[in-house]
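Morning, everyone. Please look at the model on the screen, and then we'll go through charges and surface.

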Amino acid sequence: MSTPSGLNLFNWGDPKIKTLHITWFAFFLSFVVWFSHAPLMVFIKEAFDLSSQQVKALLILNVALTIPARIIIGMMVDKFGPRSVYSALLIISSGICIGFATADSYEALALFRFLLGFVGAGFVIGIRMVGEWFPAKQVGLAEGIYGGWGNFGSAAGAMTLPTIALMFGGEDGWRYALGLTGVIAGLYGIFFYRVARNTPKGSTYFKPKKTGGLEVTSMKDLYFYLLTNIPMFLALAALAYKLSPAGVELLTWETTYVLWGVLVVLFAVQTRQIWHVNKEHLEQGVPELEKYNFKQVAILNVAYFVTFGSELAVVSMLPLFFLDTFEGLSAVQAGLLASGFAFMNLVARPTGGHFSDKMGRRRSLMFLVGGLAVGYLVLSQINSGWWIPAAVLATMACSFFVQAGEGAVFAIVPLVKRRMTGQIAGMAGAYGNVGAVTFLTALSYVDYSTFFLIIAGSAALVFLACAFLDEPKGQIAEVLPDGTVQLISVE
């Protein structure tokens, strides 16, 4: 099967095609593990006699740790390479998943669900891997295939895990289904380490000069960078509040205050680390050839906030939305109907990347973000009087723009600064999770219709921000260990 950009996806003899396939499948498994709870939540709710607020707390916990994890994993990828980091992530997540499957209390469920947010950082790893193997003229499509086919893991889980749980049978069928996903992920982590390679043969894997923060190229950008870190800590603070006695009472007020204090300290430490990473080279002056505009990163952050952030939130709540909205549906039927949202990833995200390669980076992103704003406006109108197939078609149409928009974002990320692709991807990815926490927190206070309207309004604002995005042009400069400058085309 050849794509419009000339990629023969069946040519396993081509090392870059082989790398693309083994990498998107690693991401696929990470998403199966990460969202394995969503289609089984009905069984989990019954087994532990959970309240609606406790269920919503689990949904928020599932995406919380991914915020700092994506930042940290992005740094690790740039320093150690995607091969080792992806393998380690899958193997560690395997154990956490099995822990969730064997939990015997709500507190244990909450802890393991929180820890499983770690696996959501896997996406960042493959962005750097694919960016190393494909040229700029194909990178949008390749990243789209990686993200789209990998993201389909949540839909695959929604379609299969309830049935697998019923096949195992009994009260613990859901536990066996969850545990099975963990075992498979662990085995694949070992396989990935044996087969994957960080770069094509003879290529240099560029690493940041310092780790601990993104290198920026002007004082103005440094202050802008520090400012953009604040929403990530605010999202975590909001989560702590939601888990306090004011919310679902999972934490005491004393514990909540301690967590807020820890977040303040961590923000101060991170600010100091970022200043340390940038102080010396900014004082010396950055060569014009090595400069980039941090504004690009900030716009990509907020674009991913509404695209991936809304996808995470909607994938988590959609099965329950269908159950609550339409009478007579079983848990299996609701899971299958809801899977239509994530199902579009197979074609939408690669299409968004291809649009970006062929039609321009900024134009494609604005078109797709505008489309998802309209899509969520339509979803806000769904009620019990709708014909169910029409509701499913509306969710799939909306999800096309959501996921194609994600593809357009990450068609640009590898073109900003090669040696920091992992960190830039990590920050954009973290903003996706900030969006998910923001939207799911909003859902705990409002009805479904208002929830969709909030996302639509956010997307409209981001559409305006995207108008200020600069098209990647010419070449980016990277410095080899011996001081030689290498130019990498971004057109």
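Are R128 and D78 buried or exposed? Both are buried, meaning under 20% relative accessible area, where exposed is over 50% and partly exposed lies in between, with a 1.4 Å probe and protein chains only.

A word on the source. This is a predicted model, where local features need pLDDT of at least 70, side-chain atom pairs count only at pLDDT 80 or more, and totals for chains, interfaces and linings use all residues. Residues are numbered from 1 along each chain as its sequence is written, and side-chain values use heavy atoms, leaving out hydrogens and water.

Back to that pair. R128 and D78 form a salt bridge, 2.7 Å from N to O. R128 sits in helix α7 (residues 122-133) and D78 in helix α4 (residues 66-80), so the bridge ties together parts 50 residues apart in sequence. Helices here are DSSP runs of H or I, at least four residues, numbered from the N terminus. By salt bridge I mean a Lys or Arg side-chain nitrogen within 4 Å of an Asp or Glu carboxyl oxygen. E132 joins D78 and R128 in a network of salt bridges.

In total, there are seven salt bridges. Another one links R361 and D357, at 2.8 Å between the closest N and O atoms. R361 is buried, at 6% relative accessible area.

Now the surface. I91, I98, V183, L187 and I190 make a nonpolar patch of about 420 Å². Patch residues have over 30% relative accessible area and no salt bridge; nonpolar side chains (Val, Leu, Ile, Met, Phe, Trp, Tyr) are joined within 5 Å, like charges within 9 Å. Areas come from the Shrake-Rupley method with a 1.4 Å probe; for residues, only the protein chains shown count as cover. Helix α9 gives the largest share, three residues. I190, in α9, is partly exposed at 47%.

Notes:
Helices (H or I, at least four residues) and strands (E, at least two) are DSSP runs, numbered from the N terminus.
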